[in-house]
Structures are given as structure tokens and as C-alpha cells.
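Me: I've got a protein open and would like a quick tour. Can we go through it together?
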Amino acid sequence: MEEMEEELKCPVCGSFYREPIILPCSHNLCQACARNILVQTPESESPQSRRASGSGVSDYDYLDLDKMSLYSEADSGYGSYGGFASAPTTPCQKSPNGVRVFPPAMPPPATHLSPALAPVPRNSCITCPQCHRSLILDDRGLRGFPKNRVLEGVIDRYQQSKAAALKCQLCEKAPKEATVMCEQCDVFYCDPCRLRCHPPRGPLAKHRLVPPAQGRVSRRLSPRKVSTCTDHELENHSMYCVQCKMPVCYQCLEEGKHSSHEVKALGAMWKLHKSQLSQALNGLSDRAKEAKEFLVQLRNMVQQIQENSVEFEACLVAQCDALIDALNRRKAQLLARVNKEHEHKLKVVRDQISHCTVKLRQTTGLMEYCLEVIKENDPSGFLQISDALIRRVHLTEDQWGKGTLTPRMTTDFDLSLDNSPLLQSIHQLDFVQVKASSPVPAIPILQLEECCTHNNSATLSWKQPPLSTVPAEGYILELDDGNGGQFREVYVGKETMCTVDGLHFNSTYNARVKAFNKTGVSQYSKTLVLQTSEDTDSEEQTLPFPVPSERLPLRRMSPFSSTLNLQPSFPGRSYFDFRSSPHQLSLHSSLQSLNAPGCNFETQSAPYSQLVDIKKLLAVAWFAFDPGSAHSDIIFSNDNLTVTCSSYDDRVVLGKTGFSKGVHYWELTIDRYDNHPDPAFGVARMDVMKDMMLGKDDKAWAITEGGIAKGATIGVLLDLNRKTLTFFINDEQQGPIAFENVEGLFFPAVSLNRNVQVTLHTGLPVPDFYSSRASIA
């Protein structure tokens, strides 16, 4: 019942109601508090005097107009207006519970009468401290307001339910403990208030004072005061006026203002209003129950927010720690590369120092020997050896003039770390607010009639479902490694068709695609199984691009199968050379092969390689040099089929296609060969060192021939079935097999300097003698 206590306290004094009266606005006031906030208006400003005098308009006209309405609202003498004449000169105050009240214009006269019996000044006005509605009292004063006996009973029961000490009812600030109770005044007093407000003299001397506990019992046992009519104080209420909505006595019905109003039995209306209040309380009880449940929900939300905050902070710390760990790992890798570059430079310089030291020692020895020979006086003996010595001196001088005195290695490190994109990404690292109501895109549909395989390439096409209403911002195409391994992303973008080149021959690939937008990623499409052409038995091949579209029609190949077995996505990157269809945006990406993990992803623009159908030809690989992976000193021409170098140092360039299966043959012709350089030809891994001669590290297998000349042709035969590497010069095999146990992924490779220019020839069949030898074997 503690929540009800505010309903039982007066808005003026802040204490429990004492003799509460009901204002026409249905709010309650203590009778003493109501007298304290009365305001007396000037006599000349009353509505009656204004109407009698007929005076002109004054500063109070607006107030009089409002006051005139007080006598026309259901004959209750009550109305509402914003203020009254004395308000500007009587500032408002605040009661203990924060309600603004108006103090009296003048202090009330000193009297020992009870508030109900004290005379009220004429033309008094009272303003409700809660709703601020005002009214002018009639001749009855405060007795014209009905007393709220029900509220008194509720307060008595509430105070009795609280086992607290009885407090004085007249203390202004902190009520003291009551010491006596006056049975006639029905008031609890402390000793100071009893001496001040209830002196034992005069009429008050006959009042009976009892202890507080006895007074509580007597109040509890005393019969409830019967509510009497405000107009006829000696009459009890017996009927209920329906129009005025108030109980009345029989005299009010016979001779009062309620004589013409509809009335009903007091008991019947009492039961009816109790029933209505009970029904209203049922609805309010439901709202209160919902409010309690809502409060429980909010408290649970507070706990859940705290738990989620801890979890989210832990997740954020873990993500940031993962980024820091990844950065530290990358730092270690970069430092390893720098150390490797450092060791390589030192090795090259030390090798050149050793080579020059040996050569200088030989040259110095030859010079000293020649000087001693010049000192000889035997002409015939001198002439016998002079020609040979002269040739040796010139040959030695020529050897020193072939760039021997030029350092093979620079002191600068040709490594530049570009950290600006990473710094920008770190600065842009932020939380993403995603609308949970926004759905993810629908599952893309693979267009089987548009998908095809050709040689070692595959073209895939997809689309959104026809009835899909959620737009997709892009698509992610994934392929496995051709051996049933992990799926890896090979394309991310807005296009709906993609051609993947550089696949393994005679291999089976699984492909799938999914769509994404800001909300999330859709599920995977059906898995598409693609079969590439066999390496030696296929009757199709591709022509080198670009091929004019009017020469040969585009051919799409089948069959392939599809399955509903959806597989989860695994992290990883792939290396593919993929391009979009010719009627869409041209895309080209140099990616590493599926079985070469951890490689970089670069994107550049290139034309589309049209696939054509030529019957009765062996399946051979057509490719060119790859500018994306070559050293920056390499110069490309002739559609990337011819290369040279701008540096005197050897630089490495790779072919665009990697091989891990089958037999492959290609040739290189020497277009320029000056000053006896040492070019190298062979195969290499993708991560071979690009700034040194091919074969100097363990990532390349090559042949270096100093006896070649301009116009020579070097053939390279890579047999991954037998795991061998063989070289040819001008169609003649150079010795037996050069390298054995060659296994893995290899790219055609060449190292050269500015004194050499070579041209690549691909799409060549395997030499006949080697084919017949292989068939015999």
C-alpha cells in the first residue's frame, strides 16, 4: 500500500489529508489548507457590483468576463480562468510536493475557532493547486464544498496498517511524535502544538485529551460520520442527482435547485458506480500488469545489454588482435624477403669480387710474363711466341671490355613497401550498421545453356531468379582445385559471366556461385561439374588472341553435369586468368593457379580471348609472356610475345600459363644477340627471383648456352607425365634429359639483359621423334 501514500497527501501541506473537502474539479484539499490559499478580490471587482454599477471597461474586464461564467456552469458557481486581480501582487509558492499554491493576500485573522467555523472574507477566490482552475466562493464559504468522508476512512485504515508512531498533525515541517489527542477536535498534538493551538482555557478547557494510542482506538471504534448536505447541514443525503452528479437531500428536491432534475436512489447509484469503478479498475489492472511485465523485460534487457557488451568487447579485442597478429606475421615475411635480398646481393657481389680477383691475377700474370718476354734479346725466339702473346693480350682485353668492370648488383634495394592502402583501411575501420529487416539476395541460377568448357578454359554464366525482388550488389564465383579440394574465390564483382583460363588439362572442376548485398550473402547455387579437355587426345584447340570475330564462330562445349550437393566455403585464394564475355565489361585478372596458395591478386584490363573450334588438331596450349609477374625492367612487344630488357643485369619473365600435367613444347627465337650475353631458358615456379639469372635459386630449371647466335631457336619440352625437362637448339636435342623428377606447377621462363631479344612461339606440337620415343616407352 506504500504506492497509495501519494494519493492520501494534500498537495498544499504535503501531509495526510485532514478534514478533506472536494473541489468541483474532483481534487481534494485539507479544509485548513483551503482556507490558507484563499485570495480576497476587491469589492468593486465582484461580478455583482460590476453589474449593479454598470461601470465601463477597466483593467479587470477580462477577469470579470471569466468570473461571469462561474455562475453559469451547471449552477455550481464554478468556472476556470487564467488568474485573478491579486495574482500579480501575490507571488505563488510551492508546496512540499512541488505543486504551485497561492498564499492569502493578507494573513488570516487570529482565531481559536476550527477552520470550518472561522468566517471567510467576502468575494474570496480559491484556485486548485493541481489543475489551476479557479472559482469564487459564495456566502457559505468553505462549507459549500462537500467533505470527503471516504478519503478520511481510507487514510485512517492506511495509518492503522502502518505500525509507526503517531505524529502531530499541526507541525509545519518535520512532524513530531504526538503526545495527546483531542476527542472533540479529532486532532493529534505534540506538546508544543498543544500549548500553542489548544490551550486549556476558554471553550477548549472542556475538551477531553487522551493518549495517542487510546485516541487511535477510539477513532477506529467511533461511528463513521454521516455525510450531510452542503446546502442543508442538518439533512443527510438520501438521493442522487443524475444531472449534477452529486448526492442531495430531500429538501434540495423539494425547494432547492435540484427540484427539476432527474434523481435516483442513493443505494442503487452507489452499487452502480461501484460496479463501474470495478470494471474500470479491471482494465487499469491489466495495464498495470502489462507495465510490470514490461519493466521486467526492460530489466532483462539491461542485463542482456551488459552481457552482450562484454561479449562484443571480447569479440572486438579478438578481431583487433587477429589483425595485429596478421600484421606481425606479414612483417616477419617481409623481413625474411629483405634478408634474402640482402644475402643475394652480398653473394652476387662476392662472386663478382672472386671472379674479378681471379681474372685480375691472370691478367697481371700475363702482363708480367709479356714484360719479361720483351726483355729477351733473341729475335728468333721472340718471334716464335709473339703472335700468340699478342692474341692472348687482345683476347684478355676484350674479356675485360664485356661489362666485366660493371657491378652486377646495385647497392639499392629494389623493394618499396606500399602501406598507404593498409593505413587507409585501418583509418576506415568502423562498425557497419545492418538493417535486420533487409533480406539477403536470392540464390543465383546457373544458366547451363551458357556454360561451357574448352581446352583448359571454362566459361560460366548465371542470373538472378526471375521473381526475385531483392537486388544483388555482386556475385562470388568459387572453383575447387580440380582434385576435389577446397573451394576458392576466383571472381568477385557485378558481372554475370566469367571465363576462367589456365586450368589443368583433363581435370574435373566443381564450380558454384553466390550473391551478396549490404545485408549478407545468399546460399550457394547448385554445384556445377566441369570437365576440361584431354591434353593429347582432344580435337579442339584455341587460336592465339586476338582473333577477328568474323573469322570463326564462337563455339560452346558440353556436356557437363550439375548436382545439388552444396559444400561449405573455405578460405583461400586462387590464381586464374579470367575474362568476362565480349558483350560485357572486359575484365582480366592475373591469378595464381589453384594449387599455388598464398599468391597476390592483381586486376588489369585486357581483351577477351575468343574460343574457336578447329577439327583434327591436337590440343596444345597458346600463351604469351605475363607482364603482371615480370620484372619492371622487362620490355614487352608483339602482343607480349617478344621481350627484351632495359638493364645490363639479368631479369626474369614468365609465361602466362602454368602447367602441372601433360606434355608441353614451345620455342624461343633469338632476335638480337650482342656482346656475348648469357640468356637462360627453362621453367620456373611462380615465386622465382626476378632480378637474377634463371637457375641461380632453387625455384627454376634452365639451360644457359653461350654458343647461340642471332636467329637461333631454343626448344623447351616439359613432360610432366614422365617428370622430365629436355632442351633443343635448332631442332637438335642438347644431350640427354636435362632434368628429372620435375613435379609441381611450372611456368615457361626466360632470363635476359638488354643485349638480348627473344620471341615466344606456342601452340607447337611435340617433336615427332619424341612422340614416337614416348609411345615406344
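Reply: Let's begin with a word we will need. A residue counts as buried when its relative accessible area is under 20%, as exposed when it is over 50%, and as partly exposed in between. Keep in mind that this is a predicted model.

Me: OK, then are lysine 345 and glutamate 341 buried or exposed?
Reply: Buried. Lysine 345 has that label, and glutamate 341 has it too. The pair also forms a salt bridge, with the closest N and O atoms 3.7 Å apart.

Me: How many residues apart are they in helix H8?
Reply: They are 4 residues apart in H8, which covers residues 266-374, so about one helical turn separates lysine 345 from glutamate 341.

Me: How many salt bridges does a search of the whole structure find?
Reply: The search finds 15. Another one joins arginine 194 to aspartate 191, at 3.9 Å from N to O. Those two residues sit 3 apart in helix H5 (residues 191-197), so the gap is again about one helical turn.

Me: Is aspartate 191 buried or partly exposed?
Reply: Partly exposed. Its relative accessibility is 38%, and the buried label needs a value under 20%.

Me: What about aspartate 649? Which residue does its side chain meet in a salt bridge?
Reply: Arginine 651. The N to O distance is 3.9 Å. Aspartate 649 is buried, at 16% relative accessible area. Arginine 651 is buried as well, at 7%.

Me: Let's zoom out. How many helices and strands are there in the protein?
Reply: The protein has 11 helices and 37 strands. It contains 777 residues, and 39% of them are buried. The accessible surface is about 45,000 Å², with 55% of that belonging to carbon and sulfur atoms.

Me: And the contacts? What share comes from residues 24 or more positions apart?
Reply: 63%, counting contacts with a separation of 6 or more.

Me: Strands next. What holds paired strands of a sheet together?
Reply: Strands in a sheet pair through backbone hydrogen bonds, in a parallel or an antiparallel way.

Me: Show me a sheet. What is the order of the open sheet of 3 strands?
Reply: The order is E9-E8-E10, and the pairing is antiparallel. Strands E9 (187-189) and E10 (209-210) are the edges. Each has a single partner strand, so one side of each has no neighbour in the sheet.

Me: How many bridges join E8 to E10?
Reply: There are 2, and E8 spans residues 180-182. Cysteine 182 faces leucine 209 of E10 across the pairing.

Me: Now E20. Why is it described as largely enclosed?
Reply: Strand E20 runs over residues 508-516. Of its 9 residues, 7 are buried, so the rest of the structure largely encloses it.

Me: How many bridges join strand E17 to E20?
Reply: The antiparallel pairing of E17 (residues 474-479) with E20 has 6 bridges. Glycine 474 stands opposite phenylalanine 516 there. E20 also pairs with strand E21 (residues 527-531), in the antiparallel sense, over 4 bridges. In that pairing, asparagine 510 has valine 529 as its bridge partner.

Me: Nice. How many residues has the largest nonpolar core?
Reply: It has 33 residues. Trp666, Leu668, Phe681, Leu718 and Val758 have the most contacts inside it. Several strands give two or more residues to this core, including E27 (642-645), E30 (680-684) and E32 (713-719). Strand E29 gives the most, with 4 residues.

Me: What is leucine 668 in contact with?
Reply: Leaving out neighbours within four places in sequence, its contacts include Phe625, Phe681, Ile714, Val750 and Val758. There is also a second, separate core of 23 residues. Ile21, Ala34, Phe145 and Ile155 are among them.

Me: One last residue. Where does histidine 261 lie?
Reply: In the loop between helix H7 (250-254) and strand E13 (263-265). Histidine 261 counts as buried because its relative accessibility is 16%, and the limit for that label is under 20%.

Me: What does histidine 261 touch?
Reply: Cys241, Gln243 and Cys244, not counting residues up to four places away in sequence.

Terms used:
Residues are numbered from 1 along each chain as its sequence is written. This is a predicted model: local features need pLDDT of at least 70, side-chain atom pairs count only at pLDDT 80 or more; totals for chains, interfaces and linings use all residues. Side-chain values use heavy atoms; hydrogens and water are left out. Buried means under 20% relative accessible area, exposed over 50%, partly exposed in between (1.4 Å probe, protein chains only). Contact means heavy atoms within 4.5 Å. Accessible areas come from the Shrake-Rupley method with a 1.4 Å probe; for residues, only the protein chains shown count as cover. Two strands pair if DSSP finds at least two bridges between them. A nonpolar core is a set of buried Ala, Val, Leu, Ile, Met, Phe, Trp, Tyr and Cys residues joined through side-chain atoms within 4.5 Å. A salt bridge is a side-chain nitrogen of Lys or Arg within 4 Å of a carboxyl oxygen of Asp or Glu.
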